[in-house]
Amino acid sequence: MMTRKDYVKVAEILNRHFENYPVEISDFKELVFDFADMFEKDNPNFNQYKFIEAVYGKDNTQWR
C-alpha cells in the first residue's frame with residue numbers, strides 16, 4: 001500500500017507537468033483521474049478530491 005507521502009509526491013509531479021508543459025487538457029485530466037482511481041483502490045481512505053485539487057491547485061476549475 002502506498003502512503004500519503006507517495007500520493008503527495010505524485011500530485012507534485014503531475015502539478016509540475018500541468019503548469020509547465022503544453023498538454024491536452026482532456027488527456028491530462030484522464031491521466032489524473034486514472035491515478036486517483038488506482039490510489040483509491042489501493043487505499044479506501046484515499047481522498048480523490050484532495051488529490052485532484054493538489055494536482056490542479058485549489059483555485060483551478062479546469063478539472064471539473
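What follows is a chat about a predicted model of a protein chain.

Visitor: Before we start, what should I know about the model and its numbering?
Guide: It's a predicted model, where local features need pLDDT of at least 70, side-chain atom pairs count only at pLDDT 80 or more, and totals for chains, interfaces and linings use all residues. Residues are numbered from 1 along each chain as its sequence is written, and side-chain values use heavy atoms, with hydrogens and water left out.

Visitor: OK, how many helices and strands are there in the protein chain?
Guide: There are 3 helices and 0 strands. From the N terminus on, the elements run α-α-α. Helices here are DSSP runs of H or I with at least four residues, strands are runs of E with at least two, and both are numbered from the N terminus.

Visitor: And how much of the chain is buried?
Guide: Buried residues make up 31% of the 64 residues. Buried means under 20% relative accessible area, exposed means over 50%, and partly exposed is in between, using a 1.4 Å probe and protein chains only.

Visitor: Let's take α1. How far does it reach?
Guide: Its 17 residues reach 24 Å from the first C-alpha to the last, close to the 24 Å expected at 1.5 Å a residue. The expected span is 1.5 Å times one less than the number of residues.

Visitor: Which residues of α1 are buried?
Guide: Tyr7, Val10, Ala11, Leu14, Asn15 and Phe18. Seen down the axis of α1, they fall within an arc of 140°, so they line one face of the helix. That arc is taken from the directions from the helix axis to the C-beta atoms.

Visitor: What's on the other side of α1?
Guide: Lys5, Lys9, Glu19 and Asn20 are there, and they are exposed.

Visitor: So what do the buried residues of α1 pack against?
Guide: They pack against α2 and α3. Contact here means heavy atoms within 4.5 Å.

Visitor: Can we zoom in on Leu14? Why does it count as buried?
Guide: Leu14 counts as buried because its relative accessible area is 7%. Leaving out residues up to four places away in sequence, Leu14 touches Phe28, Leu31, Val32, Phe35, Phe51 and Val55. Leu14 and Ile52 are 38 residues apart in sequence, and their C-alpha atoms are 9.7 Å apart in space.

Visitor: On to α2. What span should it have?
Guide: At 1.5 Å a residue, the 18 residues of α2 (residues 25-42) should span 26 Å, and the end C-alpha atoms are 26 Å apart, which agrees.

Visitor: Which α2 residues are buried?
Guide: Phe28, Val32, Ala36 and Phe39 are. They cover an arc of only 75° around the axis, which puts them on the same side of α2. On the other side, Asp27, Glu30 and Lys41 are exposed.

Visitor: What covers those buried residues of α2?
Guide: The cover includes α1 (4-20) and α3 (48-56). Take Ala36, which is buried with a relative accessible area of 0%. Apart from neighbours within four places in sequence, Ala36 is in contact with Phe46, Gln48, Phe51 and Ile52.

Visitor: How do α2 and α3 pack?
Guide: They pack at an angle of about 145°, with their axes 10 Å apart. By class, the contact of α2 with α3 has 10 nonpolar, 1 polar and 3 charged residues. For those classes, Ala, Val, Leu, Ile, Met, Phe, Trp, Tyr, Cys and Pro count as nonpolar, Asp, Glu, Lys and Arg as charged, and the others, Gly among them, as polar.

Visitor: How are those axes and angles defined?
Guide: Axes are lines fitted to C-alpha atoms, for helices over the stretch in contact, and angles run from 0 to 180 degrees between N-to-C directions.

Visitor: And at what angle do the axes of α1 and α3 cross?
Guide: They cross at roughly 35° and come within 7 Å. The residues of that contact divide into 9 nonpolar, 1 polar and no charged. On the α3 side, Phe51, Ala54, Val55 and Tyr56 meet α1 residues including Tyr7 and Phe18.

Visitor: Last one: where is Asn43 found?
Guide: Asn43 is in the loop between α2 and α3. Asn43 is buried, with a relative accessible area of 13%. Not counting residues up to four places away in sequence, Asn43 touches Met1 and Tyr7.
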